[in-house]
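Work through the following exercises with the sequence and the predicted model at hand. Each task is followed by a solution in steps.

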2 protein chains.
Amino acid sequence: MTDDLETMDDKLTFARSCCPITNVLDTLGDKWTLLVIRDLVLGKSRYQELLSSPERIASNILADRLKKLEAAGLVIRQAYQQKPARYEYLLTEKGEGLKPVLGAIVAWGQEHYPGTMVFPAVERR
Amino acid sequence: MTDDLETMDDKLTFARSCCPITNVLDTLGDKWTLLVIRDLVLGKSRYQELLSSPERIASNILADRLKKLEAAGLVIRQAYQQKPARYEYLLTEKGEGLKPVLGAIVAWGQEHYPGTMVFPAVERR
DNA sequence: GTCGTTGCTTGCAATATGCAAGTAACAAAG
DNA sequence: CTTTGTTACTTGCATATTGCAAGCAACGAC
């Protein structure tokens, strides 16, 4: 069965399978990546802002996840200052497209984890 | 800030934060768990059925994830035969509640991973 | 010259993942 | 009675990932 799919279109090859969920999880399936997306959606954009979320992500993990999100086209890294060079991370349209996914997770999570609460957007500087 | 939350209601303590997304990811945030949920939604229920999905999950990982899903109340393990004892896994109502999450992931995934396709439900035996 | 800020990198220990083989409890077949 | 097959796992071990904590570079402020 998977043989057929592989020969069906050899321009399309998927790491694990042709299921959309599988492919999404190849990028987002860990404990931190969607939290980084959450923070970017909430308006955080700088490294220290992302580091300071209550979950206290490790710095090397944050750097790793941002790099992967950039490579996947969900995030762009752009300088907001030149000397010294300082960067902010912004969601692309593709990344913004994950809002309904976060929304669905929030809906299910609020129902099954009483007492949880959605974090507020950050004030723009 | 997190101090306040911690003292606010010490009956409610969360592993990493009080965000619903964080808590959901504590259970579901890896590459395999939502795929197991997907297969159960599609009607698979036995261990070999789950093992045989195209992604070829490792047996020890599948066993580990099913145990965790059972502990989290998303799945029940029940015997469908006594001698020898043989088990099937079924989603609970809580587990079924993840369908919108999978739906949102599929919607985003199909848009951004062209060529992916939703797997069909399995025929009931 | 020193200190602070920002965005990382690095070394290393702990934990998770996954390969491949193995196990147990049965029934069926010979 | 023995062998084989099925099913649902467990186990040992190598590899990969995670995360702690310290460190680094490039600036400006003092």
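**Exercise 1.** Determine how many residues the hairpin uses to join E1(A) to E2(A), and identify the bridge partner of A:Ile76 in E2(A).

*Solution.* The hairpin passes from E1(A) to E2(A) through four residues; strands are DSSP runs of E with at least two residues, helices runs of H or I with at least four, both numbered from the N terminus. Next, E1 covers residues 75-81 and E2 residues 86-91 of chain A, and six bridges join the two antiparallel strands (pairing requires at least two DSSP bridges).

Residues are numbered from 1 along each chain, chains are lettered from A in the order written, and side-chain values use heavy atoms without hydrogens or water.

**Exercise 2.** Describe the contact between chain B and chain A.

*Solution.* Each chain is counted at the contact (heavy atoms within 4.5 Å): 45 residues come from chain B and 45 from chain A. The buried area (accessible area, 1.4 Å probe, lost on being put together, summed over both parts) is about 4100 Å², with 76% from carbon and sulfur atoms. On the chain B side, B:Arg16, B:Ile21 and B:Trp108 lose the most area, together 17% of what that side buries. Helices H2 (20-28), H3 (33-41) and H7 (99-112) of chain B each supply at least two residues of that side, and H7(B) gives the largest share, ten residues.

Key. Predicted model: local features only at pLDDT ≥ 70, side-chain atom pairs only at ≥ 80, totals over all residues. Buried area = accessible area lost by both parts, 1.4 Å probe.
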